Amino acid sequence: MTVRVVVADDQAVVRAGLRTVLAAAPDIDVVGEATDGAAAAELAESLRPDVVLMDVRMPGTDGIEGTRRIRALRDPAIRVLVVTTFDLDRHVYDALRAGASGFVLKDVEPEDLQVAVRTVHAGHELFAPSVTRRLVGSFVPAPTEPDAGPAGGLTEREREVLALVAAGLSNAEIADRLVLGGTTVKTHVSNLLAKLGLRDRVQLVVFAYEHGLIGNNPAGTGDAGRTGDPGRG
């Protein structure tokens, strides 16, 4: 199956570079290019690509608004993957809240970018644990006491699983950490999404930080900087 991609970036040289990298993969086809978020959303509506590779900072309509417009199409098959520079800022956090399925850095290795596109297309969320903690921890100050709002209905085990999801661990790693079966962990994650009314693991990360369920430097977690894990669900 070929993954159909739209590349959105205001710099022609960046678009050309991304197109070249993606075109080198036999299962990825770049079907369109856009110079801002509005054009990306229009292409998404007309071409119905599988993935939109979205820059954040663009003149005119930025990637955040572009992501919102794509999500407004209510087509779950169209996934948005944010592309950003290493100097992360609140814009990327806002893009995740707008409905992006994850993000990669602009200096990502070519093979990793191809894997990222495939991973997002497969329905998984994608983000590097080290970058996510820096991003969300910087812009969502955690309260000293856990919020008793929506999180109040979670069991202690669900809180443990949520904290480890927010720290960037995969289901397999959570299972090892908590000495649980992989199916049990997947069930806990599904229950968390249902109870909290969230869409995916990215939103679980944001929720955990917003409600003080994890600190900026989760104890005992690694900082491997993985680009993505197709096994996360």
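Colleague: Hi! Which helix does Arg-201 lie in?

Modeller: Arg-201 lies in helix H10, residues 201–210; helices (H or I, at least four residues) and strands (E, at least two) are DSSP runs, numbered from the N terminus. This is a predicted model, where local features need pLDDT of at least 70, side-chain atom pairs count only at pLDDT 80 or more, and totals for chains, interfaces and linings use all residues. Residues are numbered from 1 along each chain as its sequence is written, and side-chain values use heavy atoms, with hydrogens and water left out.

Colleague: Is Arg-201 buried or exposed?

Modeller: Arg-201 counts as buried because its relative accessibility is 1%; buried means under 20% relative accessible area, exposed over 50%, partly exposed in between (1.4 Å probe, protein chains only).

Colleague: And what does its side chain make a polar contact with?

Modeller: The side chain of Asn-171, at 2.7 Å. A polar contact is a pair of N or O atoms within 3.5 Å; within protein, one must be able to donate a hydrogen and the other to accept it, and residues adjacent in sequence count only if both atoms are side-chain atoms.

Colleague: Switching to S1: how many of its residues are buried?

Modeller: In strand S1 (residues 3–8), 5 of 6 are buried.

Colleague: Which strands is S1 joined to?

Modeller: S1 runs parallel to S2 (residues 28–34), with 6 bridges, and parallel to S3 (residues 51–55), with 4 bridges. Two strands pair if DSSP finds at least two bridges between them. Val-6 stands opposite Val-52 in S3, while Val-3 stands opposite Ile-28 in S2.
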